[in-house]
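Subject: Structure for you to look at

Hi,

Here is the structure I promised to pass on. Please open it and keep it in view while you read the notes below.

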Amino acid sequence: MNNLGDNISLIEKRHLKEAEQILKLLSNPARLQMLYILEQQELSVSAIGELLNLEQSVVSHHLAILRKFQLVNNKRVGKAMFYRLDDPHILDIVTETIEHADHVLRGKPHGK
Ligand SMILES: [Zn+2]
């Protein structure tokens, strides 16, 4: 008979801590919207602000956080700063979560 724990692995502490930070930063409507629209198109700070109806300073603040965690990157074009998704696999979390939210909202089980 196996001891409990022989076949079960745990998340490494440093990964756990980093994952916690990433989920915390994703837990924000503005940042989720930003990742969602940046998946569709590279956008300037002012375009993001217009689309989400947010002040540029607020947009920049969120983008700085997303950039710190390597979720977006940026490039300067003339006077404008453009952002794009740096890490497409993080979008899997976002889209899966939205799909889950959709069937929960509709009161249906997964896949229906
Ligand atoms: Zn689900």
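First, a caution. This is a predicted model.

**The whole chain**

The chain holds 5 helices and 3 strands.

Now look at the overall shape. The radius of gyration is 18 Å, whereas a compact globule of 112 residues would have one near 13 Å. The C-alpha atoms fill a box of roughly 65 × 35 × 20 Å along the principal axes. Buried residues make up 12% of the 112 residues.

Contacts also tell you how the chain folds back on itself. Take those between residues at least 6 apart in sequence. Of these, 45% join residues at least 24 apart.

**The annotated region**

The UniProt record, an unreviewed entry, annotates residues 11-105 as "domain: HTH arsR-type". Over residues 11-105 the chain is 68% helix and 15% strand.

**How the helices pack**

Two numbers describe a pair of packed helices: the angle between their axes and the distance between the axes.

Start with H3 and H4. Helix H3 covers residues 45-52, and helix H4 covers residues 56-68. Their axes come within 9 Å and cross at roughly 110 degrees. Angles of 65 to 115 degrees count as roughly perpendicular, so H3 and H4 are roughly perpendicular to each other. Which residues meet in this pair? From H3 come Val 45, Ser 46, Ile 48 and Gly 49. From H4 come Gln 56, Val 59, Ser 60 and Leu 63. By class, the contact of H3 with H4 has 4 nonpolar residues, 4 polar and no charged.

Next, H2 and H4. Helix H2 runs over residues 29-40. The axes of H2 and H4 come within 10 Å and cross at roughly 70 degrees. H2 and H4 are therefore roughly perpendicular to each other too. Here Ala 30, Arg 31 and Met 34 in H2 meet His 62, Leu 63 and Leu 66 in H4. The contact of H2 with H4 divides into 4 nonpolar residues, 1 polar and 1 charged.

Best wishes

Technical notes. Residues numbered from 1 in each chain as written. Predicted model: local features only at pLDDT ≥ 70, side-chain atom pairs only at ≥ 80, totals over all residues. Axes fitted to C-alpha atoms, helices over the stretch in contact; angles between N-to-C directions. Helix = DSSP H or I, 4+ residues; strand = E, 2+ residues; numbered from the N terminus. Parallel < 35°, antiparallel > 145°, perpendicular 65-115°, else oblique. Contact = placed C-beta atoms within 7 Å. Nonpolar A, V, L, I, M, F, W, Y, C, P; charged D, E, K, R; others polar. Rg over C-alpha atoms; globule rule 2.2 N^0.38 Å. Buried ≥ 20, exposed ≤ 12 C-beta atoms within 10 Å, placed from the backbone. UniProt positions renumbered as here; feature names shortened; annotations may be inferred.
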